[in-house]
Amino acid sequence: MRPLLPIIGGIGILESPSGIISLILKHVFSPLNNTRLAHLCGPTDEHLRSIEVALDIRIAHRHEQFKIEGPKARAQRGMELLQALYEIAHHPISAATVQLMVSGGGESISGLADEPVLHTRRADLRPRSKNQALYLDNIAEYDITFGIGPAGTGKTYLAVAAAVDALQRSAVQRIVLTRPAVEAGERLGFLPGDLNQKVDPYLRPLYDALYDLMGFDQVHKAFERQALEIAPLGFMRGRTLNNAFVILDEAQNTTPEQMKMFLTRIGFGTKAVITGDISQIDLPKAQLSGLIDAERVLRRVSGIAITHLTSADIVRHPLVARIVDAYDAARVGEH
């Protein structure tokens with residue numbers, strides 16, 4: 001039996017046989033609102049279980065009385081999350097919202113609440129971590145920004161959101177989205193249809209982000225007035241892009257020559273964002289990635305920002321972060 005100090009002011013201290021100190025935090029939500037409590041906990045306490053798993057803590061509650069047990073920093077983080085969720089619990093809370101709030105790493109939720117909100121169809125869109133906030137700040141400040149990090153860190157989604165925001169504010173006249181048509185184990189020739197139909201699956205993630213941020217009708221109206229363009233990277237050669245917001249996605253699959261070609265398309269009044277994940281390169285083994293080469297060549301060039309995101313910035317299912325970390329650890333062990 002672990003020795004338990006009396007709880008004073010809602011805080012108790014537990015000491016395990018190994019000497020690890022844990023806290024027990026007690027909290028009563030006031031004024032009591034049973035609807036908010038139900039939304040906070042989720043169906044069959046689903047939201048509480050998600051927080052427990054993500055933070056490795058224990059949460060118990062009886063009506064409005066909550067008890068959190070775990071190491072000091074994680075227990076306090078859990079209490080912050082419960083308080084933040086209670087404040088927005090006037091409507092049911094989705095599991096995705098809980099996961100996004102948990103994924104803020106060690107950052108205080110209130111500390112990110114003052115970040116500028118992008119004007120898109122998603123009124124709740126904002127950075128979920130310090131690195132994401134830095135990424136958006138760099139996009140706003142610099143003409144060329146690199147966003148490098150693993151899957152699920154919001155590299156492409158936040159860049160598209162910044163582009164939509166710039167278009168709606170008339171800061172740019174059009175959005176141009178592009179990515180290299182490089183196969184991940186399949187060949188373009190095996191896909192049915194003409195060239196446009198063959199490359200369309202490679203551009204689908206960009207369409208998905210646009211539909212989410214602008215809505216289906218607005219996206220098609222933007223295409224009709226030529227304020228929106230999505231094309232394979234090969235179609236960029238020979239062009240000069242003025243007064244545009246240009247995004248190169250999946251840049252890890254460019255060659256150094258393609259990357260140089262893309263960067264030299266930038267004209268006056270244009271912002272460019274280059275996103276990629278150097279752990280998922282689909283080029284032939286002997287081919288150097290244009291993203292890796294550009295990071296090395298351009299890191300000291302004035303006017304260019306390079307933002308690195310990590311597994312702590314992942315805003316998908318919590319398992320995604322653990323999968324990324326496991327692969328990174330295995331890759332390090334092979335060298």
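In the predicted model, R49 forms a salt bridge with E52, with the closest N and O atoms 2.6 Å apart; a salt bridge is taken as a side-chain nitrogen of Lys or Arg within 4 Å of a carboxyl oxygen of Asp or Glu. Both residues belong to helix α2 (residues 46–55), where they are three residues apart, about one turn of the helix. Helices (H or I, at least four residues) and strands (E, at least two) are DSSP runs numbered from the N terminus. An α-helix has 3.6 residues a turn, so residues three or four places apart point the same way. R49 is partly exposed, with a relative accessible area of 32%, whereas E52 is buried at 16% relative accessibility. These classes are set at under 20% relative accessible area for buried and over 50% for exposed, with partly exposed in between (1.4 Å probe, protein chains only).

R296 forms a salt bridge with D293, the closest N and O atoms again being listed, at 2.6 Å apart. R296 and D293 are three residues apart in helix α11, a separation of about one helical turn. R296 is exposed, with a relative accessible area of 52%, and D293 is buried, with a relative accessible area of 16%. Shared partners join the salt bridges of D45, R49 and E52 into one network.

A further salt bridge links R179 and D249, whose closest N and O atoms are 3.7 Å apart. R179 lies in strand β6 and D249 in the loop between β8 and α10 (256–263), so the pair ties together parts that are 70 residues apart in sequence. R179 is buried, at 9% relative accessible area, and D249 is also buried, at 5%. By the rule stated above, the count comes to 11 salt bridges.

Residues are numbered from 1 along each chain as its sequence is written, and side-chain values use heavy atoms, with hydrogens and water left out. As the model is predicted, local features need pLDDT of at least 70 and side-chain atom pairs count only at pLDDT 80 or more, while totals for chains, interfaces and linings use all residues.

The protein chain has 12 helices and 10 strands. Of its 335 residues, 45% are buried. Among contacts with a separation of 6 or more, 68% are between residues 24 or more positions apart; contact means heavy atoms within 4.5 Å. The accessible surface of the chain comes to about 17900 Å², and carbon and sulfur atoms account for 54% of this area. Accessible areas come from the Shrake-Rupley method with a 1.4 Å probe; for residues, only the protein chains shown count as cover.

The largest nonpolar core has 32 residues, and L210, F245 and I247 have the most contacts inside it. A nonpolar core is a set of buried Ala, Val, Leu, Ile, Met, Phe, Trp, Tyr and Cys residues joined through side-chain atoms within 4.5 Å. Two or more residues of this core come from each of α6 (130–141), α7 (155–168), β6 (174–179), α8 (195–214), α9 (216–224), β7 (228–232) and β8 (244–248). Helix α7 gives the most, with nine residues. Leaving aside neighbours within four places in sequence, the contacts of F245 include I139, A159, A162, A163, A166, V172, I175, V176 and V273, as well as R174 and K271. Another core, of 25 residues, lies apart from this one, with F29, L48, L55 and I59 among its members.

Helix α3 (residues 72–87) has 16 residues and reaches 23 Å from its first C-alpha to its last, close to the 22 Å expected at 1.5 Å a residue. The expected span is 1.5 Å times one less than the number of residues. Buried residues of α3 include A75, R77, G78, M79, L81 and L82, together with A84, L85 and Y86.

L288 is found in the loop between β9 (271–276) and α11 (290–298), and is partly exposed at 41% relative accessibility.

Positive phi values occur in two loop residues other than glycine, T44 and Q226. T44, with phi of about 50°, lies in the loop between α1 (34–41) and α2 and is exposed at 78% relative accessibility. Q226, with phi near 60°, is placed in the loop between α9 and β7 and is exposed, with a relative accessible area of 65%.
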